[in-house]
Amino acid sequence: MKPARFSYEAPTSIADALAALAARGTEAKIIAGGQSLAPMMNMRIAQPGHLIDINRVSGLGEIRLQDGHLVCGALTRHADLARHVLAWTHAPMLAFAASTIGHYAIRQRGTLGGSLAHADPAAQLPLAVVALDARIEIASQSGNRFVAATEFFASIFTTVLAPHELIVAVHVPLAQPSEGWGFRLFARRAGDFALALVACTAVRNSSEIAAVRLAVGGVAPTPLRLDHAVPKGFGAADWIEPAARAIAAAAPIEENERISTEYRRELVAALAHGALTDALENAT
Amino acid sequence: MTGSVGQALLRKEDYRFLTGQGRYLDDLAVAGALHAHFVRSPHAHARIRAIDVAAASGVPGVVRVVTGRELAEWTTALRMAPPIEGLHPVEMTTLPIDKVRFIGDPVVCIVARDRYLAEDAAELVAIEYEPLAPVTSMDGALAPGAALVDETLPSNLISHQTFTAGDPKRRFGEASIMVEAEFHQHRQTHAPIETRGCCVVWDEGRQHLTMHVGNQVPHPYRTQLARRLRLSESQVTVISPDIGGGFGQKIALYREELTCAALARVLRRPVRWREDRTENLLAACHAREDSARTRAAVDKDGRILALELQITEDFGGYCFYPANYVARVVALILTGPYRIADYSYDIKVVLTNKCGYGPMRAPMAMVSWIIEGTIEAIARKLRLDPIEVRRVNMLHASDLPYRMPTGETLEDITPRETFETALARFNIADFRARQQADRRRGIYRGVGICCVVESTTYGSAFYKAAGIPGSGHEAGWVKIEPSGAVNASVGLMASGQGYETTFAQVVADALGVAPQNVRLNIGNTDTAPYGMGSRGARGGTVGGSVLTLAARALREKVLAIAATLLGLNSSGELRLNLGRVERHLGGVWTETPLSLTDIAQVAYLDPLRLPAGMEPGLEAHKAYDPPPMTYSNATHVCEAVVDICTGAIHLQRYLVVEDCGTVFNPAIVTGQQHGAIAMGLSGALLEEVVYDADGQNRSGSFADYMLATAVEIPPIEVISQHTPNRKTPTGSKGMSEGGVMGAIGAVMSAVNDALAPFGVVADRQPLAPDYIRTLVRGKMPTP
Amino acid sequence: MSELAQPLSLNVNGEAHHVLVEPRKLLCDVLREDCSLTGTHVGCEHGVCGACTVLLDGRPVRSCLIYAVQAQGVAITTIEGVAQQGTLSLLQQCLHEMHGLQCGFCTAGIVLTMQAWLDEHPNPSEAEIRGALSGNLCRCTGYHNIVRAVAAAARQRGKEAAE
């Protein structure tokens, strides 16, 4: 399985990368980690005529704090995100999600920007950024713009990125001190893409849980926020089980010839149960 | 003197594999070699109307593009027509000419400077197909009016055999209790980490073909290859380099390999081929798709009075093996370790529009699941403990030798002994207490038991009695060189079994030298003796036996020479110990001045000093035909927890008590158990070749065809309880496939035990989580 | 650069290799064919089996998912660079002693992956070892002895570190 021919360049600045994108348009594809793109190219499912390798672009690989946000560069490798002290401190769900991706070698290479741009409905990072109300910073030759993660994913493998645009960073609001989180997924084997995922946060306000954010992934073309489906009375006794079922009932599950909708709904319920339990437990 | 047989010597092979210096097929550098690449059918079933290779042929770097028509001129077709009642003969051209029979069927071969180019050119080949209705299931194959996969046959039922021993119908009539059970095993494929490939060199000057190919049976392969190319066998050499896993997939002469050989001759350039993973999963060889039903007449204690088996197998579109080849063994040994005299079977094998079938490590694997599952069905119906039902039916040592209803003889096996040891080691009583406690907490834990009787090392008498052409013997030689170095060879080919180490131990012990000084030289048909190759868990027993015989013969010659050189009348008081001749004097073994080197020097370079009438040199060639069948046995126990909410299965503990007879190297034997068990578990839980209703194969990558990783496979405890086989020279029995049989049965049994409170039975594989949920959905557990 | 063959300079096991290859040629193929280092094996070409794993600047990556042109200016380590003058590394020795390989085809990928992983995880549990190993498929061993070998190597490293 060898890829079709392509021409190649490796710009070293964002400006050069954007110029290359502007020049080549839809003929070009950005390659970052390559963990999703390269298999597709080897199988000739994807045959871009021109590859723009952004691995050498400076300024895209840092994680820092800025304006009440954790800012992660698009080239942040999953392995680095998974062990970064700032990430664990201020967006632990994101760090945890990154640690569950694929396998050790995949995580050395795969990137945050690449995962979001690829927009696999079953992927961890798209779900996490949607759950955390992150904003995606997108650059082009006409300047930078921000898109809310909840608006970034349009459909399966499709985002709102235009052909001349490049993700440069993800801005994640810092986790509140009293915020707990849960992130659960179900896969057939260690490291496989999940059949379903649930991510949630819960903010404790003195004795009670004041707010719950919840998102589901892997069952619809994009990750979806289902806050509206979370019943009130968060955290009350015996609240979790019916809440999980309500969330599962509200999840729009797409037909899939290999796995029944009924089963996926059951998975969502089980995962929601686990994620809510975790979030409530560590909301202190 | 302590021998090395029975010691866990570290492997000689390891150094090269650990340091990246193995020589697998693709590692061979052959100057000027061209690369072959196959254009394959995207349809499950279609007539080939037209093939246009003009554009592809015009790509710079493409040397030749050929189709089935040209190959039919350069090669003969394969006729599969063994004289077996109920089996239809079939023929297969080298590449299809009239129609394709499965998605992935190779239609065109492009030969180019490199693989990248060849794949570019492949996109330019235009083939006009006329799709036909695909046959995609066993039921579909047998349905009236079904499309014919092979149009020379009256139907898709290519093989049908029945058999009766005793009077099962009468027993069914007499019995008051009947138990029925079903077993559906899914399609799987071997998926060795190294895919198929070959490199063919045609020497026009010598008119000689050398086929480099990782193949388990180099000599039978050579015979086939020569015949198909219309060459004399002495014009063909097959050389197998290191093999990255075979498991039965690397036995047949495949069409792609034959195509490369024909092209090498025509082009007078070396031609090589490397199969990619998608091709391997789609088009190499498939296995295991069988549906079985048993019916048992039993008494109130669960004693089986009669047993009936129906089995149907999905053989795919092409026959690289006789179609009855695999299923017949299931039917042959089904009664396993149980005393059953009245037995009948009905085997149907059908053709479908899927990749052709072949033996995959333990081709008869489902047999233990079937008989153990039948026992468990009996226990459920009668509300008896399945352990007790096994005890009621199982053979005692005093029953052996036992003649199975199919005529097979079981002897030198210890099923009851391994069974009782396994139960004790696992501590069933403790488990049941934990199981009960967990059930009250909503945790569903189960224990699975599987008693395995494994058929291994098929001898010529077996094939003869079965009407199958072919031999079960093996050949070997041992040579001592003038310097005293020892070389040995046998007609087997390794794909991970460690022959270079174990057979060095065997030869060393039988001869009287150190194993470090014995070198095994296999896989080259010019130097290795003609043998039947590695398959059917035969290698250890036939290889070890024939090398023992050859080494012993050589030892006798060495000691006879030593006696003469020492001026003794006979060699009765002499032995060879780690390369030195010793003499038994006054109750003690004493060194003599003679070393093996001294004797070899005389034998090769000073033959006038040899005993009168003795030929110079030190070589011994032997052949060995094992008993018709050599059985080994084991009991497998598996503990699993089933997550009722998600259907996930977690394996928590696995142990096997095994009796495989005399063991040459216990570490290697244990490693074989681990590997076989892992393959069985992986298959039962995760792997699945999926064809949809249009005959499209949905499992063409490792993302879809899932192999178990180190997370899904539990630690495996192997407890050895070896008793020798008295009919083989070394006392060994085969053992490398039984792990697959036991694992499949044990994990099914464990899951069913876990789900027992729900009153459901899993009767099909894989045990996918959504299947588990389908079983328990809406059911309330009873305590 | 165009799609045609380009001269590249690759640093493999500390040595410079000058090759002429198209941008699309996979690193695993360039290592095997153009650098004649056949110890890196190709098992799937879609990043699942792990047999092709090499180290780039000490990090394990699947060489079937990297184009050689991307690997300029980095230190590439293949299996051939692990043993020093024929002396096996600790992990290689443990695999040998624990019978952690059979056909050997997946072994190189496992050595490089787990060696790098052990550098970061000096005191692993069995579950952690199995999790780390899950990115390398083996069809022969059932993983049992590989896990034992990695655990033994970890213990030995721990001892040496303590001394």
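The paragraphs below lead through a predicted model, chain by chain and then to the contact between two of the chains. Local features are given only where pLDDT is at least 70 and side-chain atom pairs count only at pLDDT 80 or more, whereas totals for chains, interfaces and linings use all residues. Residues are numbered from 1 along each chain as its sequence is written, and chains are lettered from A and ligands numbered from 1 in the order in which they are written.

Chain A is divided into domain 1 (7-53), domain 2 (63-173) and domain 3 (179-282), the bounds being those of an automatic or database domain assignment. Between the C-alpha centres of domain 1 and domain 2 of chain A there are 19 Å, and 14 residues of domain 1 of chain A are in contact with 17 residues of domain 2 of chain A, where contact requires that the C-beta atoms of two residues, placed from the backbone, lie within 7 Å. On the side of domain 1 of chain A that touches domain 2 of chain A, helix H1 (residues 14-24) of chain A provides the largest share, six residues; helices (H or I, at least four residues) and strands (E, at least two) are DSSP runs numbered from the N terminus. That side of domain 1 of chain A consists of eight nonpolar, six polar and no charged residues, with Ala, Val, Leu, Ile, Met, Phe, Trp, Tyr, Cys and Pro taken as nonpolar, Asp, Glu, Lys and Arg as charged, and the others, Gly among them, as polar.

Chain B holds 21 helices and 32 strands, and its C-alpha trace spans about 85 × 75 × 50 Å along its principal axes. Its radius of gyration of 28 Å agrees with that of a compact globule, because for 783 residues such a globule would have a value near 28 Å; the radius is taken over C-alpha atoms, and the globule rule is 2.2 Å times the number of residues to the power 0.38. Of the 783 residues in chain B, 59% are buried, a residue being buried if 20 or more other C-beta atoms lie within 10 Å of its own, exposed if 12 or fewer, and partly exposed in between, with C-beta atoms placed from the backbone. Among the contacts in chain B between residues at least 6 apart in sequence, 80% join residues at least 24 apart.

Some backbone details of chain B deserve a separate look. The peptide bond from Leu400(B) to Pro401(B) is cis, with omega near -5°, and Pro401(B) lies in the loop between helix H12 (386-393) and strand E20 (402-403) of chain B. Another cis peptide bond joins Gln765(B) and Pro766(B), with omega about 5°; here the loop that holds Pro766(B) runs between helix H20 (738-755) and helix H21 (769-776) of chain B. Arg230(B), although not a glycine, has a positive phi of about 55° and is found in the loop between helix H7 (218-228) and strand E14 (236-239) of chain B. Arg230(B) counts as exposed because it has 10 C-beta neighbours inside 10 Å.

Chain C has five helices and five strands, which follow one another from the N terminus as β-β-α-β-β-β-α-α-α-α. The C-alpha trace of chain C spans about 50 × 35 × 25 Å along its principal axes, and its radius of gyration of 16 Å agrees with the globule rule, because 163 residues would give a compact globule a value near 15 Å. Buried residues make up 62% of chain C, and 58% of its contacts with a separation of 6 or more are between residues 24 or more positions apart. Ser36(C), in the loop between helix H1 (27-34) and E3 of chain C, has a positive phi of about 55° although it is not a glycine, and Ser36(C) counts as exposed because it has 11 C-beta neighbours inside 10 Å.

Chain C is divided into domain 1 (6-81) and domain 2 (90-162), whose C-alpha centres lie 22 Å apart. Their contact takes 15 residues from domain 1 of chain C and 11 residues from domain 2 of chain C. Strand E3 (53-56) and strand E4 (59-62) are the elements that give two or more residues to the side of domain 1 of chain C that touches domain 2 of chain C, and E3(C) has the largest share, three residues.

Chain C also meets chain B, in a contact of 42 residues from chain C and 41 residues from chain B. Helix H2 (90-97), helix H3 (107-120), helix H4 (126-133) and helix H5 (144-162) of chain C each supply at least two residues of the side of chain C that touches chain B, with H2(C) giving the most, four residues. This side of chain C comprises 19 nonpolar, 17 polar and six charged residues.
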